[in-house]
Amino acid sequence: MKFSLFNESKSPEVIDLFKRVFSASEGEAEGQVIADFVAKIITTTAPQDLIGYIAEESEIVVGCIFFSRLAVPSGQVAFILSPVAVSTDIQRTGIGQKLIKYGLEHLKSLNVNLAFTYGDPSYYSKLGFEQIDESTVKAPCPLSQPIGWLAQSLDGQVIHPMAGPTQCVEALNDPGLW
Ligand SMILES: CC(C)(COP(=O)(O)OP(=O)(O)OC[C@H]1O[C@@H](n2cnc3c(N)ncnc32)[C@H](O)[C@@H]1OP(=O)(O)O)[C@@H](O)C(=O)NCCC(=O)NCCS
């Protein structure tokens, strides 16, 4: 298994991966929604605001994650993890966790202060994410499941409450995703 940075030459393969994985887990309509979302985040996000990582086996992309910039009122450097996919046939073999750890280590090397995500706390807690109350850091859109608002410090500093709104990239700024 090889982990590396995403680049745009991998876009068609990555979009297809998300479409297949989410069609299998959530149905074809959701597969298309995610494929469209991934295409949008790749094409509409400024290069400095989007960092993706891929897992490849025999030159085939079997996992992909994206982090996009989240502007936070403290002025710290923050990115949010979304979305994540591992090829259906090899899920639950540790690839998702290894890929996310790889991404988080790379973000640390770039001096990113904070990582956020919105997902299943039982999965992401294995990767250092903790539930965070919106009185500490607001989510960029209203949350349908506040329990899934998660964050971790990447610089060893405690996450202090910060007043004011946060701003995600345009592709994520869709209430339907939250
Ligand atoms: C969710 C996903 C990325 C996890 O990646 P993975 O490589 O399969 O997971 P890992 O092997 O690294 O981790 C396995 C552990 O995570 C947990 N886990 C895995 N998939 C899970 C899921 N769908 N829900 C909750 N927990 C899950 C389990 O506790 C599992 O441990 P166990 O095997 O001891 O029970 C992958 O299953 C996937 O692509 N699912 C479909 C798309 C999706 O739901 N993406 C996340 C939302 S963007």
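**Entry 1: the pocket**

On a 1 Å grid over the protein atoms alone, I take a pocket to be an open set of points with protein on both sides within 12 Å along at least five of seven lines. A molecule sits in a pocket if more than half of its atoms lie within 2 Å of its grid points. I note that this is a predicted model, in which local features need pLDDT of at least 70, side-chain atom pairs count only at pLDDT 80 or more, and totals for chains, interfaces and linings use all residues. Residues are numbered from 1 along each chain as its sequence is written, and side-chain values use heavy atoms, with hydrogens and water left out.

Where does the ligand sit? I found the ligand in the largest pocket. The elements giving two or more residues to the shell around the ligand are α1 (11-26), β4 (78-86) and α3 (95-109); helices (H or I, at least four residues) and strands (E, at least two) are DSSP runs, numbered from the N terminus.

**Entry 2: the ligand's surroundings**

I counted 16 residues around the ligand, the closest being Arg92, Gly94, Gly96, Gln97 and Lys126; a residue is near if one of its heavy atoms lies within 4 Å.

I then looked up polar contacts, which are pairs of N or O atoms within 3.5 Å. A backbone N or O atom of Gly94 is 2.6 Å from a ligand oxygen atom. For Arg92, a polar backbone atom lies 2.7 Å from an oxygen atom of the ligand. At Val84, a backbone N or O atom is 3.0 Å from a ligand nitrogen atom.

**Entry 3: salt bridges**

I recorded five salt bridges, each a side-chain nitrogen of Lys or Arg within 4 Å of a carboxyl oxygen of Asp or Glu. One of them joins Glu56 and Lys2, with the closest N and O atoms 3.7 Å apart. Because Glu56 lies in strand β2 (residues 50-57) and Lys2 in strand β1 (residues 2-5), the pair ties together parts 54 residues apart in sequence.

**Entry 4: backbone**

Most peptide bonds are trans. I noted a cis peptide bond between Ser82 and Pro83, with omega about -5°; Pro83 lies in strand β4.

Conventions:
Polar contact = N/O pair within 3.5 Å; in protein donor to acceptor, adjacent residues only side chain to side chain. 1 Å grid on protein atoms, 1.4 Å probe; cavity = no way out; pocket = protein on both sides within 12 Å on 5 of 7 lines; lining within 4 Å.
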